[in-house]
Amino acid sequence: MKIAIVGTGYVGLVSGTCFAEMGTEVYCVDVDAKKIENLNKGIMPIYEPGLKEMVLRNQQAGRLHFLTDLSACLNDVEVVFSAVGTPPDEDGSADLKYVLEVARTVGKYMNKYLTVVTKSTVPVGTARKVRQAIQEELDRRGSDLTFDVASNPEFLKEGAAVKDFLSPDRIVVGIESERAKELMTRLYRPFLLNNFRVIFMDVPSAEMTKYAANAMLATRISFINDIANLCEIVGADVNMVRKGIGTDPRIGNRFLYAGCGYGGSCFPKDVKALVKTAADHGYPMRILQAVEEVNEQQKSILFRKLENYFKGNLKGKRIAVWGLAFKPETDDMREAASLVVIRKLLEAGCEVSAYDPVAIPEAKRRMGEVVRYAQDIYDAVVDADALLLITEWKVFRMPSWQAVKKLMANPLVIDGRNIYDPHEMQEYGFEYHCIGR
């Protein structure tokens, strides 16, 4: 079976590579010629554990191809996946221009039946717009070719995307016809052999499922952060509260870890888009509006704790930052808490020394040289007046605290992910602050 995937970002590259790993011949298409040139040289545009090795293996096996022209492979494929970006507009709505551009290209150059599948996260009703765009191009050509439009949202976690794709807890497919269902069943048959669930539904429901899933996870994060902030005020421990409620099978313990806010490419964008979709239909999503508000405030909590400690006098302070990516095992800094914290530190007149195992090149691209980029965790804390832990990379879990204390000018640690034990930190001689404890 041969398929095309348009877009070689996180979703497209991981999906295409994993389909190839399961035996499908895949054409990954992107208009960014430099990115395609690099991919053909084995240079990855993103960091994701295990991805590079899998790309190289499937390229060598002749199952994975990278090209810039979708029309060049349309004669050969049965399914076209659209995995292009849907960046948020200023009003929070998803920008569909790239999705519709793919649809128009398919309509212009297709010469046989195709199933066109949207894998990007898109608002309910996008499939109808995709169908219309394809049909308009076919009508211009005077063509009576038939096609199907489907929705197949991804549920990949950055940092575990390859594993998630190859071992999914569910695959959601929105279809309009039996023909499309048969084709998608055949494509996903290798996954069915391991009893993974493919859930077929109508297209609007599939489109909504993706938004609803991310909105629910974002809600759990903002909920526990709100509880954590109250715990600090009343003298409770959010870790104990989390264990107490997480053992309830109706609640569960996942996504109930207090911290300094969520970021990344999905949760912030999808919450905004769902709120905007509802507003367009005259319905206010009051819970999600609060989720977004809590999260934006939470991204500043480490700065507020630092400001309180120094009684507002931060000018000239040297602050060490551990972690720049929005989460471990990725170099993605979209909507990262680190960006908010560092901006506030610089505005307050601080000097910032930052370290991240992977995301420093991305940080330089986003922020330039406004901060000092350290060589390792210990280099970052030299002469620091405070250390802020923002991203819970494994390398930060068990440092030599004796070495850290010797290197710092002032032994203050503010833990934005609650990964350290307060009693141990006190024994090492640190002033230790965390969230909700």
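Setting aside neighbours within four places in sequence, Thr121 touches Thr86, Glu154, Lys210, Tyr211, Lys269 and Asp270, a contact being heavy atoms within 4.5 Å. The model is a predicted one, so to speak with its own ground rules: local features need pLDDT of at least 70, side-chain atom pairs count only at pLDDT 80 or more, and totals for chains, interfaces and linings use all residues. Numbering runs from 1 along each chain as its sequence is written, and side-chain values use heavy atoms, with hydrogens and water left out.

Thr121 sits in the loop between strand S5 (114-118) and helix H5 (126-141); helices (H or I, at least four residues) and strands (E, at least two) are DSSP runs, numbered from the N terminus. With a relative accessible area of 8%, Thr121 is buried. Here buried means under 20% relative accessible area, exposed means over 50%, and partly exposed lies in between (1.4 Å probe, protein chains only).

Now for the second largest pocket, with a volume of about 1,500 Å³. Of the 47 residues lining that pocket, Gly9, Ala83, Val84, Gly85 and Arg334 are the closest to its centre. A pocket, on a 1 Å grid over the protein atoms alone, is an open set of points where a 1.4 Å probe fits, with protein on both sides within 12 Å along at least five of seven lines; lining residues have an atom within 4 Å of a point. The volume is the space filled by probe spheres set on the points, which are joined across faces, edges and corners.

Val234 belongs to helix H9 (residues 203-234) and, at 58% relative accessibility, counts as exposed.

Two non-glycine residues have a positive phi. Phe255, with phi near 60°, lies in the loop between helix H10 (238-246) and H11, and is partly exposed at 26% relative accessibility. Asp383, with a phi of about 60°, is in the loop between helix H16 (377-380) and strand S12 (386-389); its relative accessible area of 44% makes Asp383 partly exposed.
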